[in-house]
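Please look over the sequence and the fold shown below before reading on. The report moves from the whole chain to some of its parts.

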Amino acid sequence: MAEPLSRDIGHETLSRIADALNRYNDWMYEQIAPHLGERVLEIGSGIGNLSTYLQEREHLTLSDISPAYLEILRERFGSDPAVEIRHWDLTEEPPPELAPATFDTVVCLNVLEHVAEDHAALRRIHRLLRPGGKLILLVPAHPFLYNQFDRGLEHYRRYDRKGLRACLIRNGYHPERLWYFNALGALGWFFNGSLLRRKLLPSGQMRLFDRLVPFLKWERLLGPPFGISVIAVARTPDDLLT
């Protein structure tokens, strides 16, 4: 049986990102690097576009729901003794291999929007973090941008900064910082997905965007009021939740 269309779109999107967005991946990693600890769990590693940046950590656990992606991750990272690869569906409780209070950092990029019950997912992640550990979260920004691309990628929602902060607080986190990321990408998302109703981002546009990334880092100074994503860094309390 063929995989669902949404799975095909997701894999094609990740492949296009891997082929066309090297500078963009560097830029995204720069956003989260200052907040990383040494024992890191990445949720939804996909084909490892960001995982390569995390290998310098003391211990890295990569996870995904897709058997095909897990096989790619094993091929790419299986020879590294500091890297573990685990199957985990965020809609379910963590497998026994992911013990509670194990990680000082959980990285969850472009995953939470795929989960119907996002509050339950955040509570599951919370239990895996050590006291004072950090969740680094990146999700699609602005509900009004929800369009053809989101439907094709099986996104349940997009978030704004205020709503994401409230969601984190409700589930036991102390938000330290939330900011919008990639304002130009938000314009491209709207133009291609909402106006032209395309199902995939054009590879040519993605390569052009990647060449423009060095000029887009002005965002660090200005703090744009919108972006294609919102990034959150949130800490667990010093004492574990009961």
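What percentage of the 242 residues of the protein chain count as buried? In this predicted model, 53% of the residues of the protein chain count as buried. The chain has 10 helices and 7 strands, and it exposes about 11700 Å², of which carbon and sulfur atoms supply 55%. Among the contacts between residues at least 6 apart in sequence, 75% join residues at least 24 apart.

**Strand β1 and its partners**

Strand β1, residues 39-43, is mostly covered, since 4 of its 5 residues are buried. It is joined to strand β2, residues 59-64, by 4 bridges, and these two strands run parallel. A further pairing links β1 to β4, again through 4 bridges and in parallel. Val40 can be followed into both neighbours: its bridge partner in β2 is Leu60, while in β4 it stands opposite Thr105. The two pairings are set out here.

| Strand paired with β1 | Bridges | Direction |
|---|---|---|
| β2 | 4 bridges | parallel |
| β4 | 4 bridges | parallel |

Gly46 is found in the loop between β1 and helix α3, the latter spanning residues 51-54. Is Gly46 buried or exposed? Its relative accessible area is 6%, and because buried means under 20%, Gly46 counts as buried. Although Gly46 and Ile72 are 26 residues apart along the chain, their C-alpha atoms are separated by 8.5 Å.

**Helix α5**

Why can helix α5, residues 118-128, be described as largely enclosed by the rest of the structure? The description holds because 8 of the 11 residues of this helix are buried. Among these buried residues are Asp118, Arg124 and His126, together with Ala120, Ala121 and Leu122. What covers the buried residues of α5 includes the strands β1, β4 (103-109) and β5 (129-140), as well as helix α7 (161-170).

**A nonpolar patch on the surface**

Turning to the surface, Leu184, Leu187 and Phe226 form a nonpolar patch there, with about 250 Å² of accessible area together. One of these residues, Leu184, has its place in helix α8, which spans residues 183-195. Leu184 has a relative accessible area of 35% and is partly exposed, because that class lies between the limits of 20% for buried and 50% for exposed.

Key. Residues numbered from 1 in each chain as written. Predicted model: local features only at pLDDT ≥ 70, side-chain atom pairs only at ≥ 80, totals over all residues. Heavy atoms only, no water. Buried < 20%, exposed > 50% of the residue type's maximum accessible area, 1.4 Å probe, protein only. Contact = heavy atoms within 4.5 Å. Areas by Shrake-Rupley, 256 points an atom, 1.4 Å probe, with all protein chains shown as cover. Patch = residues over 30% accessible without salt bridge, like charges linked within 9 Å, V, L, I, M, F, W, Y side chains within 5 Å. Salt bridge = Lys/Arg side-chain N within 4 Å of Asp/Glu carboxyl O. Pairing = 2+ DSSP bridges.
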